[in-house]
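I opened this notebook to keep track of what I looked up, entry by entry, for someone who has not seen the structure before.

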Amino acid sequence: MRAFALAAGLGVVLLAGPAAAPAQEAGAFPKQAWPFEGVFGAFDRASAQRGFQVYNEVCSNCHSLRLVAYGDLGPGGPGGGLGFSVDEVKAIAAAKQMPDTNDQGEATTRPALPADHFVPPFANEKAARAANNGGVPPDLSVIVKAREGGPDYIYGLLAGYKDPPADMKMGEGMNYNEVFPGHQIAMPPPLNDNSVTYADGTQATISQEAYDVVNFLAWAAEPTLEDRHRTGIKVILFLLAMTGILYAGKRRIWAAVH
Amino acid sequence: MDAPRNQSKLVRWIDHRLPIFSFMAHELNEYPTPRNLSYWWNFGSLAGFMLVVMIATGIFLAMQYTPHVDFAFDSVERIMRDVNWGWLMRYIHMNGASFFFIVTYIHIFRGLYYGSYKAPRELLWMLGVVILLLMMATAFMGYVLPWGQMSFWGATVITNLFSAIPIVGNDIVTWLWGGFAISNPTLNRFYSLHYLLPFLIVGVVVLHLVALHQHGSNNPLGIDRKGPQDSIPFHPYYTIKDMFGMGVFLIVYAAFIFFMPNALGDPANYIPANPLQTPPEIVPEWYFLPFYAILRSVPDIWLLVFTIPAKLAGVLCMFGSIGVLFVLPWLDTSPVRSSRFRPVYKWFFWLLVIDALVLGYVGAHRPEGFYVLMGRFGTVYYFVHFLILLPLLGKLERPRPLPISISAAVLKSPPAAPSGKMEPA
């Protein structure tokens with residue numbers, strides 16, 4: 001069994017090439033100030049909505065977001081949603097075709113509904129591999145929580161594409177990235193200046209797009225984050241008061257013993 | 001057993017047939033407790049509290065969790081997103097494991113510092129070690145349930161330890177897995193056992209408390225209570241002190257739950273388990289790191305005629321590191337309990353604390369270069385502490401004189417008493 005696991009592991013490492021080779025340090029990526037961090041942290045909904053546009057128009061061509069439903073974007077979503085109205089959510093969903101079966105049991109598609117989860121770009125894993133040089137683009141639902149460095153890492157990665165150093169031998173189809181462990185990443189640079197046109201007039205630079213999409217993905221990874229922060233403040237304040245009262249009680253009860 | 005005072009007729013009627021009221025009065029109101037317990041004595045009741053928290057939140061999580069390799073990861077995320085207050089239940093439970101171990105480790109080191117394992121509390125201590133072992137098994141299997149990358153590969157590493165057993169090892173591993181690889185049967189049985197073991201822990205905790213109440217708590221002086229002047233009733237003195245300590249503990253615990261719930265976890269466990277892709281590094285949760293370091297530090301051991309392969313030796317040492325705790329009451333030959341009166345042991349106690357921290361640090365890194373050396377040194381020192389230093393210290397160390405009684409030592413105006421008399425503990 002061990003031999004099998006070893007062989008399987010080794011095989012994967014060889015197949016995936018340098019990208020998956022262990023013990024390769026990630027490049028340095030600077031710490032950014034994110035609006036959802038800190039005790040009072042909350043999502044910047046304007047930025048996260050722009051980030052949804054970036055995901056929708058760019059990332060979603062290869063990356064699924066299978067844990068998120070279209071309805072989550074609207075007011076009924078966990079944590080109160082991303083600020084889209086019910087009608088906007090319906091329109092966003094209706095623009096996607098959802099695989100389904102008709103009453104004759106034949107495979108068909110229909111416009112997606114708010115209750116549907118985000119339609120994945122590929123029908124299955126084999127289709128994803130066939131379209132992506134043998135690799136599967138990871139699902140982005142919890143990607144912000146699934147990487148060391150979280151939002152800073154994702155941001156650094158998206159903005160970290162550079163020309164490789166002259167002395168570096170790049171694998172075939174690989175791209176140089178300052179932040180990716182091993183610096184060779186299969187994903188081509190996903191963002192360019194003006195990859196999207198923002199409706200609110202924000203200048204769509206690479207760093208702006210990366211910032212916005214990380215805000216969106218941070219929301220997607222944990223839409224209940226604001227509930228957590230708000231509840232936490234109340235709980236801590238209550239505990240401080242309760243502990244103070246208990247301390248006074250302890251002093252009083254023990255006064256006679258000391 | 002005296003019936004409680006101020007009782008109503010109904011209480012008296014019940015108590016005559018089912019003495020729960022006199023039992024509670026006896027174990028809480030009258031239960032004599034040393035008057036000098038420090039805040040280090042809060043951690044036992046905190047551990048009991050954490051056990052209740054884990055069982056309570058776990059039962060709610062179990063109502064929403066799906067123990068199937070295809071659905072486990074998504075069902076946990078569903079709890080986070082779509083179940084009302086599900087994120088709170090999960091973060092309490094997930095961080096609860098860490099905090100359960102924090103309070104338990106402090107509780108254990110308190111016992112080591114004050115010699116709480118010595119006669120007549122040997123069985124109390126050994127039951128505690130059983131609880132620790134059950135906790136470790138429960139925590140390990142619970143970590144597998146979300147079926148992330150670290151769940152899967154952690155389970156792979158740990159179950160493979162049993163393959164180190166000569167001859168039957170591989171068959172045992174297949175039997176544990178319920179198949180030829182870690183798969184759905186493995187997840188199902190881990191879920192079943194993860195639900196069962198906490199109730200076994202409750203059972204052993206009851207025995208732990210029975211043993212505790214037989215002779216009462218040890219105390220910072222490590223000397224026996226000599227009379228009523230040395231004791232105070234558990235209630236209200238230690239109920240209020242435990243509750244205040246619990247408030248302080250809850251503030252720290254809540255800070256993690258609400259503001260850094262993933263700080264103690266590995267990001268890789270938010271990647272769904274993939275049997276075909278080994279993560280760059282397989283690291284257990286922080287509370288297992290010292291044991292993981294011992295496991296990975298041991299090389300092939302050459303005995304005169306045969307060799308114990310490194311893997312088997314590592315497994316033996318890892319289990320041995322808990323095994324020595326079982327026999328600790330007989331390894332420590334000193335008649336004095338508290339480190340306050342053991343000037344030499346006190347230093348070795350802190351060295352052991354440092355050793356455990358060093359091993360934890362080593363466990364978080366790949367066993368390469370300097371870490372191998374540090375891990376080996378830390379492992380050897382751990383066993384030297386228990387197997388060589390403790391037996392020798394009892395013979396060589398000259399303890400400081402013990403106070404004649406608890407009240408004499410702690411009261412501001414002690415009853416006139418000769419000091420400097422050494423008494424056996």
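**Entry 1: chain A as a whole.** I began with burial in chain A, and found that buried residues make up 32% of its 258 residues. I keep in mind throughout that this is a predicted model. The secondary structure of chain A comes to seven helices and four strands, and when I followed the elements from the N terminus on, I noted the order α-α-α-β-β-α-α-β-β-α-α. I also looked at the contacts in chain A with a separation of 6 or more, and 59% of them are accounted for by residues 24 or more positions apart.

**Entry 2: confidence.** Where in chain A is confidence lowest, and where is it highest? I found the lowest in helix H1 (residues 2-16) of chain A, with a mean of 44, and the highest in helix H7 (residues 225-254) of chain A, at 98. Over residues 1-23 of chain A the pLDDT is below 50, and this stretch has 28 contacts in the model beyond near neighbours in sequence. I wrote a caution beside this: where pLDDT is low, the predicted coordinates should not be read in detail. For chain A overall I noted an average pLDDT of 90, with 90% of the residues scoring at least 70. Chain B averages 93, and 95% of its residues score at least 70. In chain B I marked residues 414-425, over which the pLDDT is below 50 and which have 19 contacts in the model beyond near neighbours in sequence. For the complex, the predictor gives an ipTM of 0.91 and a pTM of 0.92.

**Entry 3: where the chains meet.** I then turned to the interface, where 36 residues of chain A are in contact with 39 residues of chain B. On the side of chain A that touches chain B, the elements that give two or more residues are H1 and H7 of chain A, and the largest share, 16 residues, comes from H7(A). By class, I recorded the residues on this side of chain A as 22 nonpolar, seven polar and seven charged.

**Entry 4: an enclosed helix in chain B.** Why do I describe helix H4 (residues 72-81) of chain B as largely enclosed by the rest of the structure? Eight of its 10 residues are buried, so I take H4(B) to be largely enclosed. The buried residues include B:Ala72, B:Phe73, B:Glu77 and B:Arg81. When I looked for what covers the buried residues of H4(B), I found that the cover includes helix H3 (43-64), helix H5 (86-113) and helix H9 (184-215) of chain B.

**Entry 5: H5(B) against H6(B).** I next followed H5(B) to its packing with helix H6 (residues 122-144) of chain B, where the angle is about 160° and the axes are 12 Å apart. An angle over 145 degrees counts as roughly antiparallel, and H5(B) and H6(B) are therefore roughly antiparallel to each other. Their crossing is left-handed. At the contact, B:Ala97, B:Phe100, B:Thr104 and B:Gly111 in H5(B) meet B:Trp125, B:Leu132, B:Met135, B:Ala139 and B:Gly142 in H6(B), which I sorted by class into six nonpolar, three polar and no charged residues.

I stayed with helix H6 of chain B to look at B:Gly128, which lies in it, and which counts as buried because it has 25 C-beta neighbours inside 10 Å. The C-alpha atoms of B:Gly128 and B:Phe326 are separated by 9.2 Å, although the two residues are 198 residues apart along the chain.

**Entry 6: backbone details.** In the loop between H5 and H6 of chain B I found B:Pro120, joined to B:Ala119 by a cis peptide bond with omega about 5°. The peptide bond from B:His235 to B:Pro236 is also cis, with omega near 10°, and here B:Pro236 is found in helix H10 (residues 234-259) of chain B.

Methods: Residues are numbered from 1 along each chain as its sequence is written. Chains are lettered from A and ligands numbered from 1 in the order in which they are written. This is a predicted model: local features need pLDDT of at least 70, side-chain atom pairs count only at pLDDT 80 or more; totals for chains, interfaces and linings use all residues. pLDDT is the predictor's confidence in each residue, from 0 to 100. Two residues are in contact if their C-beta atoms, placed from the backbone, lie within 7 Å. Ala, Val, Leu, Ile, Met, Phe, Trp, Tyr, Cys and Pro count as nonpolar, Asp, Glu, Lys and Arg as charged, and the others, Gly among them, as polar. A residue is buried if 20 or more other C-beta atoms lie within 10 Å of its own, exposed if 12 or fewer, and partly exposed in between; C-beta atoms are placed from the backbone. Axes are lines fitted to C-alpha atoms, for helices over the stretch in contact, and angles run from 0 to 180 degrees between N-to-C directions. Angles under 35 degrees count as roughly parallel, over 145 as roughly antiparallel, 65 to 115 as roughly perpendicular and the rest as oblique. A crossing is left-handed if the near helix is turned anticlockwise from the far one by less than a right angle, and right-handed if clockwise.
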